[in-house]
Amino acid sequence: MRYFIELSYHGKNYHGWQIQPNEISVQEVIEKALSTLLGSEITVMGCGRTDTGVHAEQFYLHFDFDGILDKDKLKYKLNSFLPKDIAIFQILKVNPEAHARFDAVSRSYTYRISLNKNVFTSELSMNLNFPDLNVAKMNKASMILMDHTDFKCFSRTKTDVKTYECTITEAFWEQKGDDLNFYISANRFLRNMVRAIVGTLLEIGKGKMTLKEFKEVIESRDRSRAGASAKAKGLFLTSVKYPESVFLREL
């Protein structure tokens, strides 16, 4: 039987989602917990890869287990066993062919910026003290993103992807007081893509890049022409969506 687990994690203490040779990852911690509690070696597949220090408000993984499994008891035991920066929401039965990564049809991220020093959000947002930031112009640039599908200019240079094509369905900034958030949704994202987009849009907001130049950066497919990546701590994976056919109906 294949199961999905819906979870969240605070990324500060982890070198991303995926298992690393000499560093601690969220995947490693969860695999060890599942293997211990189920008495069998369990491997999991995540819905994507988050970089070092990036957070997830909603994340899915799948794993296989052939024994008897009480989902509610396993959820309780996992939350007791796992560290405080990883939380399990629910465990779901899915179709045997369901895949947490490849069956996802949409992913959404939020990038959080604090425009004033805030001791309570310093670990979960980027502090930016720039009083004349042009958010309206950054929103105009965000609209340009949806006119394109090739985002090689925002991708990590050394990556094993076969295509740089992504369909962005929404991208916009919203400011409430000193909190400035960037929201973006797409069918898929490239490694480091959101942080590179945020860093480049901030160049526009600071008056260091024009809208015409932003469009030229995208069309160049050249990472060196885009802005520096925004800090990891402000980035959150907030939503992952699947077709209903993935999930089994339980009586």
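**View 1. Cysteines and the disulfide count.** A disulfide is a pair of cysteine sulfur atoms within 2.5 Å, and by this rule the count is zero. Cys 47 is in no disulfide, the nearest cysteine sulfur being that of Cys 166, 15 Å away. For Cys 166, the closest cysteine sulfur is in Cys 153, and the 11 Å between them is too far for a bond. Cys 47 is buried, at 1% relative accessible area; buried means under 20%, exposed over 50% and partly exposed in between, with a 1.4 Å probe and protein chains only. Cys 166 is also buried, with a relative accessibility of 1%. The model is a predicted one, in which local features need pLDDT of at least 70, side-chain atom pairs count only at pLDDT 80 or more, and totals for chains, interfaces and linings use all residues. Residues are numbered from 1 along each chain as its sequence is written, and side-chain values use heavy atoms, with hydrogens and water left out.

**View 2. The largest pocket.** This pocket holds about 610 Å³ of space. A pocket here is an open set of points on a 1 Å grid over the protein atoms alone, where a 1.4 Å probe fits, with protein on both sides within 12 Å along at least five of seven lines; lining residues have an atom within 4 Å of a point. Grid points are joined across faces, edges and corners, and the volume is the space filled by probe spheres set on the points. The lining has 25 residues, and those nearest the pocket centre are Gly 48, Arg 49, Arg 101, Phe 189 and Leu 190. At least two lining residues come from each of strand 5 (106–114), helix 4 (193–205) and strand 9 (235–241). Helices (H or I, at least four residues) and strands (E, at least two) are DSSP runs, numbered from the N terminus. Helix 4 gives the largest share, three residues. By class, the lining has twelve nonpolar, five polar and eight charged residues; Ala, Val, Leu, Ile, Met, Phe, Trp, Tyr, Cys and Pro count as nonpolar, Asp, Glu, Lys and Arg as charged, and the others, Gly among them, as polar.

**View 3. The second largest pocket and Arg 112.** About 160 Å³ of space lies in this pocket. Its lining includes Arg 112, Ile 113 and Ser 114, together with Glu 174, Lys 176 and Tyr 183. Strand 5, strand 7 (168–176) and strand 8 (179–186) each contribute at least two lining residues. Three lining residues are nonpolar, four polar and four charged. The charged end of Arg 112 sits over the ring of Phe 236, 4.0 Å from the ring centre; this requires NZ of Lys or CZ of Arg within 6 Å of the ring centre and within 35 degrees of the ring normal.

View 4. The whole structure has 13 aromatic pairs. Rings of Phe, Tyr and Trp (its six-membered ring) pair if their centres lie within 6.5 Å, with planes under 30 degrees apart counted as stacked, over 60 as edge-to-face and the rest as tilted. Phe 4 and Phe 247 form an edge-to-face pair, with ring centres 5.9 Å apart and planes at 85°. Phe 4 is in strand 1 (residues 2–9) and Phe 247 in the segment after strand 9, 243 residues apart. Phe 4 is buried at 0% relative accessible area, whereas Phe 247 is partly exposed at 24%. Ring pairs join Phe 4, Tyr 60, Tyr 242 and Phe 247 into a cluster.
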